[in-house]
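Colleague: Hi! Could you walk me through this one?
Modeller: Happy to, here it is.

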Amino acid sequence: MSAIGERPMESEAIIRAEGLAKTFKVLRKKTGPLAGLRTLFSTDYREVRAVADVSFAVAPGELVGYLGPNGAGKSTTIKMLTGILVPSGGRVVVDGLAPHRERARNSRNIGVVFGQRSQLVYDLPPRDTFELLRKMYTVPRARHEANLARFTRLLALDEILDRPVRLLSLGERMRCELVASLLHEPRIIYLDEPTIGLDPVAKETMRAFIRELNRERGTTILLTTHDLTDIEKLCKRVIIIDKGTVIYDGTLAEIKRRYGRRRTITFSLLDGAGGPDGGLDPERLAGEFAAIGDGTTVERREDGALAVGFDPQRVAVPDLTRHIVTRYPVADLTVEEADIEAIIREIYGAGGLEVADGPDNP
Ligand SMILES: Nc1ncnc2c1ncn2[C@@H]1O[C@H](COP(=O)(O)OP(=O)(O)O)[C@@H](O)[C@H]1O
Ligand SMILES: [Mg+2]
C-alpha cells in the first residue's frame, strides 16, 4: 500500500488532501508608547502561510510518518484534518467527510493526540476523564470497560488510572492521552509528537502500542515526530513537508536508496595488530582505498575501529571487503546502511531537527 507508484486510488483513500492551504492573519505588533493598546486596535495584518500546497492520500490501515522541520506546517495540517481549523484553500476529505463542516461526525471517526496539549482534566484521575469521554461519545458501558481493560494491560495503567493527572509523570500522562483519544474506537488517529520529551523506556512502550494499534486493529495512523527511531521502527511510508509543501512522499527504503548512497564498512583488527602504533594509519589507508574506488574515505572511530565510507555505485561491497580481509588481520567487520538520521537532516537542510516546536503550537 505504501510503495511509490502504489498510492491509494481516489476511492480507497481514507484521508485525502488536495492542494490544502492555510494562511494565518497575524497582527503586526506595534512598538513604542502604548504598543499593546495600539496593537489591539490595529488593522495592520501580516500573512503567515503555514500550509501552502499539500496533497496526499492515505489508504485505510496505513501508518504514515508526517515529517518536516519545525514550522513546516505539520500541526496546522493535522488541525485541518481534525476540523479544528478551516482550510484557506484546497480540499480535505476524511472518511468521506469534510472535517471542518462536519466536525461532530468527523470527531467520531478520529482520535488525536497533541504531545504538547492535554485532553485530560488536570485535577481528576484519568478514569474520570475517560468516563466523561464515554458519555460524550455514547459508548456502551460494557464496551468501554472492555476497551479500558485492554488499554490498561497494554499500557500498564493499573497504578495510574486513579491518580490525579497533575501527579502523573509525562510518560504516564501520555499513555493516558493515547487512551483518551482511542476510547471511542476511531478508525483514524493523528499523533502529533506523541513521544516528545519521553525517556527511552516510555518511548518504547508508546511505539509498541502504536504498532499494535495499527497491525492488530488496522487503525489508520498519521504520526508526526522528531524522533527518527520512531520513524524507523513504525513507518514504512513517510511524507516530508517543508515550508508548507510536500517535498517527499514515499517509502523509507526509497529515501535511503535515493539520498543515502553512501555506506560504511567498519572493521577492527585482532588484538595487538594495527593498534595506535600498529601501522594502520587512516591517512595511508585512505590512499590505498581510494585506489579501489573514487570518493572512499577512512577514519578511525573512538573505539579504535576503522570506518571506510564509500559509494556502492562506485565500489562493490565484495571487492572492498575482500581487499580488507585479505590484507589485514580482521577481528570483526560490519557493513552499515546509510544513516537515516543523517539523510533526513540533509533533506531538511538548515531547518534542523530540534525537539522544540513552533511558537504558537499547537
Ligand atoms: N494560530 C497561528 N497563528 C499564526 N501563525 C501560526 C499559527 N499556528 C501556526 N502558525 C505558524 O505557521 C507555521 C507552521 O506551524 P506548524 O503547523 O505548527 O508547524 P510544525 O507543526 O510543522 O512545526 C509556523 O510558522 C507557525 O509559527
Ligand atoms: Mg507541530
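This is a predicted model: local features need pLDDT of at least 70, side-chain atom pairs count only at pLDDT 80 or more; totals for chains, interfaces and linings use all residues.

Modeller: Helix α5 (residues 141-155) has 15 residues and spans 21 Å from first to last C-alpha, close to the 21 Å expected at 1.5 Å a residue. That expected span is 1.5 Å times one less than the number of residues. Helices (H or I, at least four residues) and strands (E, at least two) are DSSP runs, numbered from the N terminus.

Colleague: Which residue follows α5?
Modeller: Ala-156, with a positive phi near 50 degrees.

Colleague: Is Glu-193 buried or exposed?
Modeller: Buried, with 23 other C-beta atoms within 10 Å. The cut-offs, using C-beta atoms placed from the backbone, are 20 or more others within 10 Å for buried, 12 or fewer for exposed, and partly exposed in between. Glu-193 sits in the loop between β6 and α7 (200-217), and has a positive phi of about 55 degrees although it is not a glycine.

Colleague: And what about Glu-185?
Modeller: Glu-185 is partly exposed, having 15 other C-beta atoms within 10 Å. Its loop runs between α6 (170-182) and β6 (188-192).

Colleague: New topic: how many helices and strands are there?
Modeller: The protein chain has 12 helices and 13 strands.

Notes:
Residues are numbered from 1 along each chain as its sequence is written. Chains are lettered from A and ligands numbered from 1 in the order in which they are written.
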